[in-house]
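Here is a short report on one protein model. Look at the sequence and the 3D view first, then read on.

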Amino acid sequence: MNDLKLAGRHKTARSTIEVNGVTIGGKEIILMGGPCAVESSHQMSQIAETVKLAGGKILRGGVFKPRTSPYSFQGLGLEGLDYLVQAARAQNLLCVTEVIDAASLELVVEKVDLLQIGARNMQNFELLKLAGKANKPIILKRGLSATIEEWLLAAEYILAAGNPKVILCERGIRTFEPSTRNTLDLSAVGVAKELSHLPVIVDPSHAAGRRDLISSLSKAAIAAGADGLIIETHPNPAEAVSDGPQSLTPEQFVQLAGELGVVAGAVQRVFTYGGKGDTLETLRIQIDRVDQSIIELLAERMQIVRKIGDQKRLDRVKDTNRQNEIIQRLVNLAVELQLPAELVKRIYPLIFEFGLQSQIKSKLAQDKDREASLYTLSSK
Ligand code: PEP
Ligand code: MN
């Protein structure tokens, strides 16, 4: 895909998107929730409380709704926007709403933290270009029947127009299968992350169209590498003006959030459930994960050290000052991260010592192999 000049994964590092204190695409799984459509001030303040309690960071709510039927509820417009923004602010959440054209973009852009471009507008190229001029991150949903390439090229439109903050959102694609509203394409998460450096989130609500599948799909999405979830929830789904059948009740939303941390931990990510705060159990899961990473990284370091040993012998290099330089650099980093410098000063000499031993062992093993092969040759 040569045309992914900006969205493509030319560099190894993934992009993280910072938005008013929330980082999307980092280690933390970002949970977003809220109703399909904003209906009232009361509804929004109730659901903002739910999202906050769950540990969500971003409140969603549509005020300009691109409905399949022209006779369906089209959204409250600006009045609804105020309900969304105020409810989010009251709970210290960020907020996102969908824009459907130039006029709606203009109306909301200064008021919300993120903009959403929906599946039906993924290839509205003029809207994509306008989003590229907006100074807000854009959640770009995958089109109803869009290939991953088309989706990434749509993101490229936004990036090419000057906005680097694009978050891809997989929300299910149309297939022959009628038992769900759409088919959640979880492989798209991995493929999009392979091809692009942009964060990828998953919307299980529009994929499934039914609330009984949301919990398992959300967990599967995290396991598949999603950087976040955007889930519909409503104080009373039976009364919702749109997408009630796929909306979680507040209790279901909070319960699901309580279960996400373990799944996140299993794939070296973090999700902090808001509800009861940290429990001993969740903290232990987090610390076990950190310890495992430390040992894995030490093993990786040791392998590199052995290769360095071989290389230094070949090149006859001796650089006595390098260990001091490393320690100095890491001491500076430790101080920056509020770790005691002494920790680095004590741990690193040990790491170096074991590294050296491992280099010597590896050299001896190589010498032995060489001797053995010479012996076999000479005895032939
Ligand atoms: C929505 O998020 O409310 C919505 C309309 O989603 P999609 O564009 O994915 O159908
Ligand atoms: Mn919806």
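## Salt bridges

Lys57 and Glu28 form a salt bridge, with their closest N and O atoms 2.6 Å apart. A salt bridge here is a side-chain nitrogen of Lys or Arg within 4 Å of a carboxyl oxygen of Asp or Glu. This pair links distant parts of the chain, 29 residues apart. Lys57 sits in the loop between helix 1 (41–54) and strand 4 (58–60). Glu28 sits in the loop between strand 2 (22–24) and strand 3 (30–34). Helices (H or I, at least four residues) and strands (E, at least two) are DSSP runs, numbered from the N terminus.

The model is predicted: local features need pLDDT of at least 70, side-chain atom pairs count only at pLDDT 80 or more, and totals for chains, interfaces and linings use all residues. Residues are numbered from 1 along each chain as its sequence is written, chains are lettered from A and ligands numbered from 1 in the order in which they are written, and side-chain values use heavy atoms, with hydrogens and water left out.

How open are the two partners? Lys57 is partly exposed, at 29% relative accessibility. Glu28 is partly exposed too, at 26%. The cut-offs are simple: buried means under 20% relative accessible area, exposed over 50%, and partly exposed in between (1.4 Å probe, protein chains only).

Side chains of opposite charge can pair when their charged atoms come close. A search of the whole structure finds 15 salt bridges.

| Pair | Closest N and O atoms |
|---|---|
| Lys57 and Glu28 | 2.6 Å |
| Asp212 and Arg210 | 2.8 Å |
| Arg346 and Glu342 | 3.7 Å |

Arg210 is partly exposed, with a relative accessible area of 30%. Arg346 and Glu342 are about one helical turn apart, because they lie four residues apart in helix 12. Arg346 counts as exposed at 61% relative accessibility. Glu342 counts as partly exposed at 43%. Elsewhere, salt bridges that share partners join Arg142, Glu170 and Asp185 into one network.

## The manganese site

Which residues hold the manganese ion (ligand 2)? It is coordinated by Cys36 (SG), His206 (NE2), Glu232 (OE) and Asp243 (OD), at 2.0 to 2.3 Å. Donors are N, O and S atoms within 2.8 Å of the metal (3.2 Å for Na, K and Ca); water is not among the atoms, so sites may look incomplete. In sequence, the donor residues are spaced C-x169-H-x25-E-x10-D. His206 and Asp243 link distant parts of the chain, 37 residues apart. His206 is in helix 7 (residues 204–208). Asp243 is in the loop between strand 10 (228–232) and helix 9 (250–266). His206 is buried, with a relative accessible area of 8%. Asp243 is buried as well, at 16%.

## Domains

The domain assignment gives domain 1 (17–276) and domain 2 (282–379). Such bounds come from an automatic or database domain assignment. The centres of the two domains, taken over C-alpha atoms, are 44 Å apart.

## Pockets and a cavity

Rolling a probe the size of a water molecule over the atoms shows where empty space is left. On a 1 Å grid over the protein atoms alone, a cavity is a set of points where a 1.4 Å probe fits but cannot get out. A pocket is an open set with protein on both sides within 12 Å along at least five of seven lines. Lining residues have an atom within 4 Å of a point. Grid points are joined across faces, edges and corners, and a volume is the space filled by probe spheres set on the points.

The largest pocket holds about 760 Å³. Its lining has 22 residues, and Ile308, Lys312, Asp319, Gln323 and Gln359 lie nearest its centre. Helix 10 (280–315) gives the most to this lining, with seven residues.

The second largest pocket has a volume of about 580 Å³. Its lining has 14 nonpolar, one polar and three charged residues. Ala, Val, Leu, Ile, Met, Phe, Trp, Tyr, Cys and Pro count as nonpolar, Asp, Glu, Lys and Arg as charged, and the others, Gly among them, as polar.

The count comes to one cavity of 30 Å³ or more. The largest cavity has about 40 Å³ of space. Strand 5 (residues 94–98) gives the most to its lining, with three residues.
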